[in-house]
Amino acid sequence: MADKNTVYKRRQKIIEALSDKDNVSLEEMMDICNVKRRTLFTDISELKKQGLKI
């Protein structure tokens, strides 16, 4: 299981990737964050709960 610092950095990468481009494919996001689909979906869900519009 990843520590909180790793999760925070990964979620920051998601936010940066989304702010840099209008459209980002799932595959691009998986490459940018170096994670699998399930982890990416979990991170995006948590960011939505925090109020980020995705």
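Predicted model: local features only at pLDDT ≥ 70, side-chain atom pairs only at ≥ 80, totals over all residues.

Residues are numbered from 1 along each chain as its sequence is written, and side-chain values use heavy atoms, with hydrogens and water left out.

**Exercise 1.** Find the salt bridge between Asp 43 and Arg 10, and explain which parts of the chain the pair ties together.

*Solution.* 
Step 1: Recall that a salt bridge is a side-chain nitrogen of Lys or Arg within 4 Å of a carboxyl oxygen of Asp or Glu. A search of the whole structure finds four of them.
Step 2: Check the distance: from N to O, the side chains of Asp 43 and Arg 10 are 2.5 Å apart.
Step 3: Asp 43 lies in helix 3 (residues 37–49) and Arg 10 in helix 1 (residues 4–20), so the pair ties together parts that are 33 residues apart in sequence. Helices here are DSSP runs (H or I, at least four residues), numbered from the N terminus.
Step 4: Look at accessibility. Buried means under 20% relative accessible area, exposed over 50%, and partly exposed in between (1.4 Å probe, protein chains only). Asp 43 is buried at 1%, and Arg 10 is buried too, at 14%.

**Exercise 2.** Describe the salt bridge of Glu 46 with Lys 49 and how the two residues are placed in helix 3.

*Solution.* 
Step 1: The closest N and O atoms of this pair are 3.3 Å apart.
Step 2: Both residues sit in helix 3, three residues apart, so about one helical turn separates them.
Step 3: Glu 46 is partly exposed, at 28%, whereas Lys 49 is exposed, at 66%.
Step 4: Now look for a network: salt bridges with shared partners join Arg 10, Arg 11 and Asp 43.

**Exercise 3.** Work out how helix 2 is oriented relative to helix 3, and what kinds of residues meet there.

*Solution.* 
Step 1: Take the axes, which are lines fitted to C-alpha atoms over the stretch in contact, with angles from 0 to 180 degrees between N-to-C directions. Those of helix 2 (residues 26–33) and helix 3 come within 10 Å and cross at roughly 90°.
Step 2: Angles of 65 to 115 degrees count as roughly perpendicular, so helix 2 is roughly perpendicular to helix 3.
Step 3: List the contacts (heavy atoms within 4.5 Å). Leu 26, Glu 27, Met 29 and Met 30 in helix 2 meet Arg 37, Leu 40 and Phe 41 in helix 3.
Step 4: Sort these residues: five are nonpolar, none polar and two charged. Here Ala, Val, Leu, Ile, Met, Phe, Trp, Tyr, Cys and Pro count as nonpolar, Asp, Glu, Lys and Arg as charged, and the others, Gly among them, as polar.

Notes
Parallel < 35°, antiparallel > 145°, perpendicular 65-115°, else oblique.
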